[in-house]
Amino acid sequence: MQLQFFPSKPTALYMGKMFIIRTFAVLAMLVVILQALDLLGESGKILAVEGNSESDLWIYVGMRAPEIIARFLPFSVLLGTIITLATLNQNSEIVAMKAAGLSAHQILAPLILASMFIALISFLFNDNIVAPNTAKLKIWQDVEYAEIPLDDGNQNNVWVREGTDIFKVDSVKGHGADTILENVKIYIRQESGLRTIISAETATYNGDGWVLANATSFNVLTASKDGISDLIVGRGIEPSRFQLSKVDGNGLSFRQLDAAIRDLKLSGRRTDSLEAILWHKVSGPLSAILMPLLGAVAAFGLARSGALFFRAVIGMALGFAYFVADNFALAMGNLGAYPPLVAAWAPLLLFFLIGETVLVKTEE
């Protein structure tokens, strides 16, 4: 038994090159097929808008293709693993490696190293290309593929919590010290429950707090309503806390989403679902490293015994089971049923243990 983790350099390069070529060939095939099917469903909606032409179809493809690539890259790694190892097995190259004293883990080492490179490329691709294109496509789809209106920077229906009190603002205009809040409601709460509701037409920032204009106060206990003048509320609440709108985690890069989560926490909002998406931006690309382990069952077993096809099916089943578990855990994280770290990392760790157990029990 050789003591080094990798086989010889020529063997490692040979296997790594074969694996990468097959992985990206499968990915290209899947992207072309799935993009064509997706375009068939959306082309009618795009061309139905007056003024849209064939060029808009290509714009849609440019926005949608990166998302398809990111979603099916781990699956392509799985299929590339199975095709590579099945080919090596059929040519008796796996048998020759084992006869030379290589263990199952040493045979898989070049594929795992190559998948680490793919995982890094996947993370950078998702952060710099997929996220911004996903955000643009969502905005375009929200207006049903019509001309996208200019963003005036205003925020609507903003909620901010300060201690036990809750601020509800219908519209936020301006930036920084020039921020103006319109249709403001402040819910003053105590341990016993809601005590007072303060309403105002507008609120402006004076550097210390928010000055309410045309404010009224409704006392919940006495059901009485009174006018208020020169009232300053929300001392210590910066204007930036009212600039936060609904955050789309899939449309932001890792750093942007991390910053948005910190801002949302400061405003008192729940961020569990966004934290699950944040950590999944790391665990998702790392699933590429898991695929050679799950598809490893296709590498071993006698090709002439008829078990090779059965082993390949088992590898595909393990990969599909991982994707199902991963999507289920992420959905539970979005609902708040799973903690963010569990939703993002539990499927990856679980199937790593399953893959190692299968490999050790059957081959080591």
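Predicted model: local features only at pLDDT ≥ 70, side-chain atom pairs only at ≥ 80, totals over all residues.
Q: What makes the protein chain more spread out than a compact globule?
A: The secondary structure of the chain comes to 8 helices and 8 strands. Its radius of gyration is 28 Å, whereas the globule rule gives 21 Å for 364 residues; the value is well over the rule, and the chain is therefore more spread out than a compact globule. Along the principal axes, the C-alpha trace spans about 90 × 55 × 30 Å.

Q: What percentage of the residues of the protein chain count as buried, and what share of the contacts with a separation of 6 or more comes from residues 24 or more positions apart?
A: Of the 364 residues, 43% count as buried. Residues 24 or more positions apart account for 63% of the contacts with a separation of 6 or more.

Q: Why does serine 76 count as buried?
A: The cut-off for a buried residue is under 20% relative accessible area. Serine 76 has 0% relative accessibility, so it counts as buried. This serine 76 is found in helix H2, residues 54–90. Beyond residues up to four places away in sequence, serine 76 touches Thr23, Val26, Leu27 and Leu30.

Q: Why does tyrosine 145 count as buried, and where is tyrosine 145 found?
A: Tyrosine 145 lies in the loop between helix H4 (104–142) and strand S1 (155–162). Its relative accessibility is 5%, and buried means under 20%, so tyrosine 145 counts as buried. Leaving aside residues up to four places away in sequence, tyrosine 145 touches Glu42, Lys45, Ile46, Val49, Asn52, Tyr60 and Trp140. Tyrosine 145 and tyrosine 60 are 85 residues apart in sequence, with a C-alpha to C-alpha distance of 9.3 Å.

Q: What makes the pair of side chains of tyrosine 145 and glutamate 42 a polar contact?
A: The side chains of tyrosine 145 and glutamate 42 make this contact at 2.5 Å. A polar contact requires N or O atoms within 3.5 Å, one able to donate a hydrogen and the other to accept it, so the pair at 2.5 Å falls inside the distance limit.

Q: What is the kink in helix H6, and where is it centred?
A: Helix H6 (residues 272–294) has a kink of about 35 degrees, centred on histidine 280.

Q: How do you know that H6 is mostly covered?
A: In H6, 17 of the 23 residues are buried, each under the 20% cut-off for relative accessible area; H6 is accordingly described as mostly covered.

Technical notes
Residues numbered from 1 in each chain as written. Heavy atoms only, no water. Bend = angle between axes of the 7 residues up to and from the residue. Helix = DSSP H or I, 4+ residues; strand = E, 2+ residues; numbered from the N terminus. Buried < 20%, exposed > 50% of the residue type's maximum accessible area, 1.4 Å probe, protein only. Contact = heavy atoms within 4.5 Å. Rg over C-alpha atoms; globule rule 2.2 N^0.38 Å.
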